[in-house]
Structures are given as C-alpha cells and as structure tokens.
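Work through the exercises below with the sequence and the model open. Each task is followed by a solution in steps.

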Amino acid sequence: MLNLGILVSGGGTNLQAIIDSIGDGRITNARINVVISNKDGVYALTRARENHIHAEVVSPKKYEDRQAFHQALLEKLQEYGVNFIVLAGYLVVIPELIIKHYAGRIINVHPSLIPSFCGSGYYGLKVHEAALNRGVKLTGATVHFVDEGTDTGPIILQKAVEVLEGDTPEVLQKRVMEEAEWDILPKAINLIANSRVVLKNGCVRII
C-alpha cells in the first residue's frame, strides 16, 4: 500500500485527479495520508479538507533557514507515515535530505515532453510560453521520478498534446492539464502502487 504525501502549491487540480482516481478505482493500493502546501490559503488545501484528507502547511517563511524548513517538511511527512511522495504542482525545490530519505519514492508531473522546456526556470505558464514561442506543434506532460537534478529523473509516462493555432499560454496550459496531466499522473501512481514499475540503473521498465 502506498501511503501518499501530496505536495502542492496552488489550486490542486492534479490533486483532484488523484482523489477522483482513488475514488473510482483507477488507482488501487494507494491512499492519501496528507496534503502539504508551502503556502497557506491555496485551494488545494480546501480540496483536501473537503475530501476528509489531512491538510498541512509547511512554509519556508516560518523557519529561520532552509535547513530548518527541510527538516520540518521531512518530519511532517514522517508524522503521517508517508512512504511515497507525489509533487503535484509543488513549486519548491526538493532538498537532498528528502530525496535521499525517499530515494526512488518521489514522482513529479511536468507540463512538457521532457527534455523539452524543462529544468531551472521552467514552471507554470513559463513552460507553455516557451512552447508557443518556439512554435512546436506538439507539447504534453511527463511523469518522472525525482532525483537531485531539476526534471532530470527517469521518465515513467509521457503523453503528447496538440498545439493549436491561436493558443495562448493559458489555453494551452488548460489543454495539457485536461488531456495529459490528469491522465498520466494517476496512471503512474496506479502502476507504482501495483508493482508494475521497475526502476533499475536509472531506467524505468513497466511490466
């Protein structure tokens, strides 16, 4: 059983996709133990509470330095018995302390087809602005394991989404979420929860 800790920073649409997928059986052998945000007042916390899920805020602003914040975040995850972390729109860099403690047990969803439009500085609308500026015809989303780099961990699933004439970053962001992110993130969690993802020597194999 995966005891999930979902880390969020905003509205929580990917969180909702996970909640719905657990509810309707598309995700089995997994439950959400806690949702943690780095910011108070975000709608993801409301989503969690409305679904009777523990919701916590661990904000770096409340700690004297990053080391104290990182330790507090780790302790909160441990407090709730989390054995697997999902980054669902979490806009804080995961520290080495947590990556080592949860090695091979952290995944992230990124709104592009990695290795395109990823890495430092590529988050939120910036990803979609870059895709439109480059003139690509296909974009999409990627679910990958988290390592010490930024968007460099082994890829689990990807799904392409068409870029349409007249797209704005906001319109494209919505399409990528609806057609790709909300699909492949729950799928990846279900595969992992049912021991169908093998991570070996930095490569992913789905069985």
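The model is predicted.

**Exercise 1. Strand pairing at one end of the sheet**

Solution. 
- Step 1. Strand S6 covers residues 138-145 and pairs with S7 in the antiparallel sense, over seven bridges.
- Step 2. The sheet is open, has seven strands in the order S3-S2-S1-S4-S5-S6-S7, and its pairing is mixed.
- Step 3. S3 (55-57) and S7 (155-162) are the edge strands; each has a single partner strand, so one side of each lacks a neighbour in the sheet.
- Step 4. On average, neighbouring strands of this sheet are turned by 20° against each other, direction ignored.

**Exercise 2. The packing of H1**

Solution. 
- Step 1. The H1-H2 crossing is right-handed.
- Step 2. On H1 the contact is made by Thr13, Leu15, Gln16 and Ile19, and on H2 by Ala44, Arg47 and Ala48.
- Step 3. Sorted by class, this contact has four nonpolar, two polar and one charged residues.

**Exercise 3. A residue of S5**

Task: Decide whether Asn108 is buried or exposed, and list what it touches.

Solution. 
- Step 1. Asn108 lies in strand S5, residues 106-110.
- Step 2. Asn108 has a relative accessible area of 10%, so it is buried; the cut-off is under 20%.
- Step 3. Leaving out residues up to four places away in sequence, Asn108 touches Leu87, Thr142, Val143, His144, Val146 and Asp151.

**Exercise 4. Backbone geometry in loops**

Task: Describe the peptide bond from Ile114 to Pro115, then the phi values of Phe117 and Asn29.

Solution. 
- Step 1. The bond from Ile114 to Pro115 is cis, with omega near 20°.
- Step 2. Pro115 belongs to the loop between S5 and helix H5 (125-134), and Phe117 is also in the loop between S5 and H5.
- Step 3. Phe117 is not a glycine, yet its phi is positive, near 50°.
- Step 4. With a relative accessible area of 16%, Phe117 is buried.
- Step 5. Asn29, in the loop between H1 and S2, has a positive phi of about 60° and is not a glycine either.
- Step 6. Asn29 is partly exposed, at 40% relative accessibility.

Methods:
Residues are numbered from 1 along each chain as its sequence is written. This is a predicted model: local features need pLDDT of at least 70, side-chain atom pairs count only at pLDDT 80 or more; totals for chains, interfaces and linings use all residues. Side-chain values use heavy atoms; hydrogens and water are left out. A crossing is left-handed if the near helix is turned anticlockwise from the far one by less than a right angle, and right-handed if clockwise. Helices (H or I, at least four residues) and strands (E, at least two) are DSSP runs, numbered from the N terminus. Contact means heavy atoms within 4.5 Å. Ala, Val, Leu, Ile, Met, Phe, Trp, Tyr, Cys and Pro count as nonpolar, Asp, Glu, Lys and Arg as charged, and the others, Gly among them, as polar. Buried means under 20% relative accessible area, exposed over 50%, partly exposed in between (1.4 Å probe, protein chains only). Two strands pair if DSSP finds at least two bridges between them. Axes are lines fitted to C-alpha atoms, for helices over the stretch in contact, and angles run from 0 to 180 degrees between N-to-C directions.
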